[in-house]
Amino acid sequence: MLGEDARVKKALAVVAAVVIFFVGFKYADYRHNRAGGEELQTEEVVVEETAQKTVEEKEEPVPIFVHVTGAVENPGVFQMNSGDRVFQVLEKAHPTAEADINQLNLAQTLVDGGKVVVPKLGEKLPETATAANSLGFDTGGKVNINTASVNELDQRLPGIGPALAQRIVDYRQRNGGFKAPEEIMEVSGIGDKRYEQIKDLITVR
């Protein structure tokens with residue numbers, strides 16, 4: 001009788017061990033699947049947030065105004081978008097058959113407040129206008145080298161690229177501004193020849 005009780009207890013112990021093992025296995029599998037699901041859900045949320053952020057960070061075009069004169073059918077002031085090119089504003093102004101658009105840089109980015117001068121065939125423009133048109137626009141005024149941004153210096157002055165424009169800004173910040181236009185020759189990379197190109201286009205006031 002006692003031997004039979006021992007066998008029953010032993011069998012019950014084996015069954016209990018099997019049940020405990022099975023329950024533990026299923027619980028571990030449940031935790032693993034749940035963790036995997038949460039990780040996948042987190043990844044989906046991150047992707048969605050990144051996509052939304054990209055859309056939000058996409059800047060809307062900024063309106064600018066450009067004056068077009070010369071050999072065009074529709075001279076006047078046109079509202080364009082930042083980043084637009086000279087050829088795009090000419091599509092609105094419609095150059096005449098006498099226009100010599102080869103003197104213009106049609107790929108140049110337009111500048112707010114700029115002026116595009118379209119010459120006629122055979123027309124000889126003044127030196128300052130020729131220099132301005134090589135950039136695709138006429139500034140309509142001198143560039144204040146004490147206040148102009150790097151982009152303005154780069155866009156509005158012939159022979160001044162982004163690197164030189166940054167040096168000009170750095171110089172005026174270190175020295176409290178330019179006292180006279182010719183002082184710009186103190187900036188590394190601007191010698192007599194380059195100064196001759198820009199001297200009639202710059203001011204310190």
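This is a guided tour of a predicted model, one selection at a time.

**Before selecting anything.** Residue numbers start from 1 along each chain as its sequence is written. Because the model is predicted, local features need pLDDT of at least 70 and side-chain atom pairs count only at pLDDT 80 or more, while totals for chains, interfaces and linings use all residues; side-chain values use heavy atoms, without hydrogens and water.

**Whole chain.** Colour the protein chain by secondary structure: there are 6 helices and 5 strands. Helices (H or I, at least four residues) and strands (E, at least two) are DSSP runs, numbered from the N terminus. From that end, the order is α-β-β-α-β-α-β-α-α-α-β. The chain has 205 residues, and 30% of them count as buried; buried means under 20% relative accessible area, exposed over 50%, and partly exposed in between (1.4 Å probe, protein chains only). Of the contacts (heavy atoms within 4.5 Å) with a separation of 6 or more, 42% link residues 24 or more positions apart.

**The sheet.** Select residues 63-70, strand S1, then 76-81 for S2 and 115-118 for S3. They make an open sheet of 3 strands in the order S2-S1-S3, with mixed pairing; two strands pair if DSSP finds at least two bridges between them. S2 and S3 stand at the edges with a single partner strand each, so one side of each has no neighbour in the sheet. From one strand to the next, the twist averages 30 degrees. Axes are lines fitted to C-alpha atoms, for helices over the stretch in contact, and angles run from 0 to 180 degrees between N-to-C directions.

Stay on S1 and S2. They form a hairpin with 5 residues between them, pairing in the antiparallel sense over 6 bridges. Show Pro 63 with its bridge partner in S2, Asn 81, then His 67 with Val 77.

**Across the sheet.** Select 86-93, helix H2, which lies across S1, S2 and S3 and runs at about 135 degrees to S2. Move on to Val 111, in the loop between H2 and S3. Is Val 111 buried or exposed? Val 111 is buried, at a relative accessible area of 18%. Draw a C-alpha distance from Val 111 to Phe 65: it is 8.0 Å, across 46 residues of sequence.

**The largest nonpolar core.** A nonpolar core is a set of buried Ala, Val, Leu, Ile, Met, Phe, Trp, Tyr and Cys residues joined through side-chain atoms within 4.5 Å. Show Leu 153, Leu 157, Ile 160, Ile 168, Phe 178 and Ile 184, which touch the most other members of the largest core, a set of 20 residues. Helices H5 (162-175) and H6 (192-198) each supply at least two residues, and H5 gives the most, with 5. Centre on Ile 168: beyond its neighbours within four places in sequence, its contacts include Ile 145, Val 187 and Ile 190. Apart from this core lies another of 16 residues, among them Ile 64, Ala 71, Leu 110 and Val 118.

**Last stop.** Select Gly 177, in the loop between H5 and H6. Gly 177 is buried, with a relative accessible area of 9%. Leaving aside neighbours within four places in sequence, Gly 177 is in contact with Asn 146, Arg 172 and Glu 183. The C-alpha atom of Thr 147, 30 residues away along the chain, is 8.7 Å from that of Gly 177.
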